[in-house]
Amino acid sequence: MSTSAQQMRAYTGPAVLSFGFRPFFLGASLWAALIVALWLPMLEGALTIPMALSPLEWHAHELLYGFLPAVVAGFLLTAVPNWTGRLPILGTPLLALFFLWAAGRVAVLASGLTGLGFAAAIDLSFLLALIAVIAREIITGNNIKNLRVLALVTLLLVGNAVFYAEAIFASGNGYGTRIGIAAAVLLISLIGGRIIPSFTRNWLVRQEHGRLPVPFSRYDGVTILAGAVALVAWVAAPLATFTALALTIAGALHSVRLARWAGDRTSPEVLVLVLHVGYAFVPIGFFLVALSIIAPDVLPPSGAVHAWTIGAVGLMTLAVMTRASLGHSGRELTASTATAALYAAILVAVGARLLAGFDVARMPMLHLAAAGWVLAYGTFAVVYWPMLTKPRLRTGH
């Protein structure tokens with residue numbers, strides 16, 4: 001009976017379909033750039049697309065439930081085989097999953113013609129299919145402990161369904177958007193808490209002797225739980241004073257958690273440092289969203305959440321996408337000038353968007369934020385295209 005490694009070597013199809021990260025990271029980056037490139041012209045009335053969603057609703061939906069699920073799919077379809085020792089999903093099944101995701105994006109764009117219910121049915125089917133595939137792999141591979149990650153993907157599915165229900169019935173309560181953001185923050189808290197100290201330790205042990213990341217402990221569990229409680233409160237009661245208190249406590253706990261991972265020692269390698277900088281926007285987001293509840297005249301909630309959506313999600317997804325693409329394509333795990341530049345572009349984007357939230361040169365800052373985001377993901381698509389579409393290098397690290 002052939003092993004998974006032998007089956008992988010026997011694969012003769014297109015390289016882009018040889019691992020889940022390849023089509024999904026490429027598709028996610030192109031879609032992320034296109035979403036924001038189209039959004040400002042739509043918002044300003046210079047572009048009209050036959051959608052059932054408003055430009056603002058489409059912008060929020062496609063970043064939370066279009067772009068992010070593609071990144072999650074790419075990560076899980078690549079990580080789960082490592083967790084279970086099973087053969088990755090590749091070839092035609094992988095292509096079918098990718099086409100299902102892409103069909104959802106087209107269906108939402110054309111929802112003004114076909115109806116939002118039809119778009120919802122197609123779009124939700126992707127997350128359902130992804131959950132089914134990952135659950136099968138985890139359960140068959142007897143890797144039950146990782147079902148907790150799948151629970152958060154299921155939360156994305158629930159949030160997407162709620163978003164569509166709110167749009168169809170014009171309830172406008174924003175639960176779908178907040179559930180999606182909460183799921184994203186929890187995914188970063190859970191997965192980031194696994195990979196950041198691990199990758200940091202792997203790099204630091206090759207350097208001069210010094211402090212290493214603190215291994216996962218009860219403190220990490222308490223921090224994730226506190227964050228979850230605060231996010232549940234925010235989803236249910238986004239303007240309540242007790243929510244602001246819970247968010248502040250969660251922000252403090254996550255700040256200490258990050259400090260325990262020795263990120264201050266990683267500045268020589270941007271590919272490692274960026275993981276810590278990206279995670280820093282998790283506590284920053286908790287603090288700023290709390291501020292927006294207490295002093296909405298200083299920073300409105302719509303501005304505060306971008307610390308999470310652009311800072312934490314934007315930078316962490318790029319950090320994971322670049323590292324996984326380099327490692328799984330057989331290249332050295334170090335950041336090139338172009339890779340460092342795309343990280344910098346996202347930092348410009350989040351800084352500009354937060355300044356716009358504080359009403360500092362609002363429209364110029366919005367345009368700068370959009371430009372930084374499009375530049376970051378557009379650069380990823382261009383620079384990493386060869387790595388994602390060509391076979392793995394036979395030599396390298």
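## Contacts along the chain

Let's start with how the chain meets itself in this predicted model. Take the contacts between residues at least 6 apart in sequence: 78% of them in the protein join residues at least 24 apart.

## Fold and overall dimensions

On secondary structure, the tally for the protein is 15 helices and zero strands. The radius of gyration is 20 Å, close to the 21 Å that the globule rule gives for 397 residues, so the protein is as compact as a globular protein of that length. If you'd like the extents, the C-alpha trace spans about 60 × 55 × 40 Å along its principal axes.

How much of the protein is buried? Of its 397 residues, 53% are buried.

## A look at S189

Now for a single residue. S189 is part of helix α8, which runs over residues 175-204. Is S189 buried or exposed? Its relative accessibility is 2%, and buried means under 20%, so S189 counts as buried.

Which residues does S189 touch, leaving aside those up to four places away in sequence? The list is I224, H254, R257, Y279 and V282. Put together, S189 is a buried residue in helix α8, with R257 and Y279 among the residues it touches.

Methods: Residues numbered from 1 in each chain as written. Predicted model: local features only at pLDDT ≥ 70, side-chain atom pairs only at ≥ 80, totals over all residues. Heavy atoms only, no water. Helix = DSSP H or I, 4+ residues; strand = E, 2+ residues; numbered from the N terminus. Rg over C-alpha atoms; globule rule 2.2 N^0.38 Å. Buried < 20%, exposed > 50% of the residue type's maximum accessible area, 1.4 Å probe, protein only. Contact = heavy atoms within 4.5 Å.
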